[in-house]
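Hi there,

Here is the structure I promised to pass on to you. Have a look at it first, and then read my notes below.

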Amino acid sequence: MLSSIHLNGTLLDIIEFSGGEVQIVVPEKEHIINFNKDNNITAHIKCNSGFIALAQLKSILDYNVKSSIILTMPYVPYGRYDRRMKELDSQSLKVFSEMLNALKFDAVIISDPHSYVTENTIDNCSINTQVDLLSRIGVSTFFEESFTGIVAPDLGSINKAEQVSKFFDLPLIRCLKTRDKTTGKLLSFEVLDQVQPNSVLLIADDICDGGGTFVGTAKALKEAGTSSVSLYTTHGIYSKGVDPLLTELTSISSYYSWVDDPRINFKIKY
């Protein structure tokens with residue numbers, strides 16, 4: 001799973017050596033470094049070696065330029081591990097943020113972080129919210145369906161989903177999931193608000209990884225009378241592929257997709 005890093009719009013090569021070390025390559029003859037104005041890095045970090053490559057690029061720029069260096073990093077690694085889960089545990093997001101902060105970027109721009117903890121641990125951080133990103137894509141052409149409601153799949157997503165429902169000017173339907181705290185296994189799903197018969201609903205959330213929450217939520221909504229349930233997330237990892245999602249969901253969309261699959265409607269390939 002390779003990371004990709006752009007400098008001022010140019011994709012840089014990342015070389016991996018036989019021992020596992022990486023080295024980022026900035027071509028000298030292409031003159032992509034701005035020596036007298038801001039340098040903009042866009043980093044799609046998918047693995048730990050991608051962060052090392054990012055740190056190497058920052059070192060190169062620090063040595064060569066005096067202007068501001070701005071990092072756009074839409075997905076924040078370890079953003080879901082934002083607290084200690086047990087006594088002998090690291091707060092992984094804090095560890096990652098401390099390493100990122102040590103690079104001393106003049107600005108760090110992230111997209112729809114999993115929780116408020118992320119923005120509070122990263123220095124010079126600003127956020128593109130889910131609504132900010134939706135306003136950029138032209139929703140009338142991005143989505144094929146005409147929705148009648150927005151769904152928050154669990155209690156933790158209600159505040160974000162409420163903002164999306166206001167953006168679409170549609171009612172919010174809240175759902176609840178229960179999980180085994182020991183194993184992490186999803187146990188049950190419940191629809192908390194009334195669902196209109198034959199409604200066409202859109203689940204809105206920040207990340208789709210395996211997608212079990214969304215499949216279970218869609219099934220519960222259909223049992224409550226919904227005719228169609230689709231999914232939109234800012235970050236689509238899709239670690240288990242698309243097929244399990246489409247057993248219950250009519251369509252799946254993301255602003256950023258880690259998977260290039262024609263069944264996924266997405267804006268940017270991560």
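Glu 98 and Lys 94 sit 4 residues apart in helix α2, so about one helical turn separates them. Helices here are DSSP runs of H or I with at least four residues, strands are runs of E with at least two, and both are numbered from the N terminus. Glu 98 and Lys 94 form a salt bridge, with their closest N and O atoms 2.6 Å apart. That term stands for a side-chain nitrogen of Lys or Arg within 4 Å of a carboxyl oxygen of Asp or Glu. By this rule there are 10 salt bridges.

Before you go further: this is a predicted model, where local features need pLDDT of at least 70 and side-chain atom pairs count only at pLDDT 80 or more, while totals for chains, interfaces and linings use all residues. Residues are numbered from 1 along each chain as its sequence is written, and side-chain values use heavy atoms, leaving out hydrogens and water.

Now the sheet. Its 6 strands form an open sheet in the order β2-β1-β5-β6-β7-β8, and the pairing is mixed; two strands pair if DSSP finds at least two bridges between them. Strand β7 (residues 107–111) runs parallel to β8, joined by 4 bridges, and Val 108 is opposite Cys 125 in β8.

Next, the pockets. A pocket is an open set of points on a 1 Å grid over the protein atoms alone, where a 1.4 Å probe fits, with protein on both sides within 12 Å along at least five of seven lines; lining residues have an atom within 4 Å of a point. Volume is the space filled by probe spheres set on the points, which are joined across faces, edges and corners.

The largest pocket has a volume of about 1500 Å³. It is lined by 45 residues, with Arg 80, His 114, Asp 154, Lys 177 and Arg 179 closest to its centre.

The second largest pocket has a volume of about 350 Å³. Of its 21 lining residues, Ile 45, Lys 46, Cys 47, Tyr 75 and Pro 77 lie nearest the centre. Helix α2 (92–102) gives the most to this lining, with 4 residues.

Happy exploring!
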